[in-house]
Amino acid sequence: MAFAPGSSWRRVAIREYALLEPAPGRLVQDPDAIVRATASALAECSAAVGTAEVLAVSVSTAMHGLIALDADHVPLTPLITWADSRATEEASELHRSGRAAELHRLTGCPAHPMTPLVKLVWFARHDPATWAAARWWVGLKEYLLWWLTGRLVTELSSASASGLLDMSTRDWSPVALAVSGADADRLPPILPTTSTLPLASGTAREVGLPPGTAVVVGAADGPLSNLGTGALARGEAGLSLGTSGAVRVAVDEPEVDVTGGLFCYALTDSVWVAGGATSNGGGVVRWAGRSLAPDVVAAAGDEGPDAAVLDLASAVPAGSEGLVMLPHLVAERAPLWEPNLAGAWLGLGGRHTRAHLVRAAVEGVCLQMRLLLDRVDTLAPVTSVRATGGVFRSALWREVMAAALGRPLHLVGDAEGTARGAAALALFALGEAATLTAAGAQFGAEDVSPPVPTDPGLVAVYDRLRASVPGLVDSLARAARGFTPPG
């Protein structure tokens, strides 16, 4: 995305790349396909800028990925994404041994298959050939920075999401490294999120920018979403909902809630975000559309298959006539941190149609977000929520989320909260804004919408449903322990 500070000019270039599942539970992406997509999108934006001066390229990526590189920086593995659950048993062992709580307090990351630390334990145990051949272990941010600048580095924010960073020293943790089995010299050096590096000449030619253009190393997508939506003040939570979802609040120093299962990641050295993320967000409804209404999806073509599926659900009353979905399609994170828990529809009856199933999926995701908000509220009381995400183009998503949260819900920046945050961090890094808040304001972080209207009747329905969810989850977990799938 290209922005002009202080104006309404912007150019959005979107490229998508596949999430692959070569084996059950293994959810990976091709890192070079991501580089090609990034190059294409960046070239489109730079062409749109024309002869105007480009201040910087600012980088944000998803967290928790892991790639093994050889000595020539060639990938030995695909990008093992946050959603990959191959390391479930390794995470469970850390919890059984008691090491999980210690690592959580030290690093700010709950022990879960998503974290690079736990993934490293898996590689050391199950893939000794890759373990021996890997010169470097990196994430998506580091791989993109290598392509952009020719430097293999990371930054504080992405490092803080790895499970390998000591939050107090802002450096790789000897304790966490010992658990992972990796040495510090196999990880890239950690820079401040406001550091700049020059754009490499070869990449500059590829994307149509001047060589040496400043590349702000930036932060991870979650913390940047808080900056981009202006959710930095006390009492304001940032909510982002895409394939997955998260609720976060900004804090001045690292704060860890081990019992509540909250994470803590850096935005800068002096601004951190604490919160929780669910693995199952808008992707649940996209899955429901493919599985339950392929005819509707096919008929919609490229003109909005998600909207067409949601139109089905809109005709169903709130509460889906007694149907509740626990939307755990991939290894769940907060607030349960239970990667083995499967999803389910509960209360299914003959009156229910596929429209009910889709509506229950929307409601299930929104109730998960409310459970996250309730956990965050114990750490830092939340009086309002600023939200970003493409799903909120849908009136149904807006209506259900606002009623489920029970707080004023303001929408900021459509699906662009993270991109706005990256641009704002660049202005701050370059000295073009005195504070992060001032930088965010230049990209519309303060331009919030009025609260999404809520119907008190809907709020009451979702309050009752929210109160029932923990008991339903416990019941499902007990049932699952006695169920052995055939084959």
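1. Basis. This is a predicted model, in which local features need pLDDT of at least 70, side-chain atom pairs count only at pLDDT 80 or more, and totals for chains, interfaces and linings use all residues. Residues are numbered from 1 along each chain as its sequence is written, and side-chain values use heavy atoms, with hydrogens and water left out.

2. Aromatic pairs. The structure contains 5 aromatic pairs. Tryptophan 122 and phenylalanine 123 make one of them: the ring centres are 5.1 Å apart and the planes stand at 85 degrees, so this pair is edge-to-face. Rings of Phe, Tyr and Trp (its six-membered ring) pair if their centres lie within 6.5 Å; planes under 30 degrees apart are stacked, over 60 edge-to-face, and the rest tilted.

3. A pair across the chain. Phenylalanine 123 also pairs with tryptophan 137. Here the centres lie 5.2 Å apart and the planes meet at 50 degrees, so the pair is tilted. This pair links distant parts of the chain, with phenylalanine 123 in helix 4 (residues 116-126) and tryptophan 137 in strand 8 (residues 136-138), 14 residues apart. Helices (H or I, at least four residues) and strands (E, at least two) are DSSP runs, numbered from the N terminus.

4. The cluster. Ring pairs join Trp122, Phe123, Trp131 and Trp137 into a cluster. Tryptophan 122 is buried at 8% relative accessible area. Phenylalanine 123 is buried at 2%. Tryptophan 137 is buried too, at 2%. Buried means under 20% relative accessible area, exposed over 50%, and partly exposed in between (1.4 Å probe, protein chains only).

5. Charges over rings. Arginine 86 places its charged end over the ring of tryptophan 122, 5.1 Å from the ring centre. The test asks for NZ of Lys or CZ of Arg within 6 Å of the ring centre and within 35 degrees of the ring normal.

6. Sheet 5-14-13. Three strands form this open sheet in the order 5-14-13, with mixed pairing. Strand 5 (56-58) and strand 13 (196-198) are the edge strands, and each pairs on one side only. Strands 13 and 14 (residues 214-216) run antiparallel and are joined by 3 bridges. Proline 198 has alanine 214 in strand 14 as its bridge partner. Two strands pair if DSSP finds at least two bridges between them.

7. Sheet 3-4-7. This open sheet has 3 strands in the order 3-4-7, and its pairing is antiparallel. Strand 3 (20-23) and strand 7 (79-80) are at the edges with a single partner strand each, so one side of each has no neighbour in the sheet. Strand 3 is joined to strand 4 (residues 26-29) by 2 bridges. Leucine 20 stands opposite valine 28 in strand 4.

8. Glutamate 155. Is this residue, glutamate 155, buried or exposed? It is buried, with a relative accessible area of 0%. Glutamate 155 lies in strand 9 (residues 154-155). Beyond its neighbours within four places in sequence, glutamate 155 is in contact (heavy atoms within 4.5 Å) with residues including Lys141, Ile190, Val217 and Ala220.
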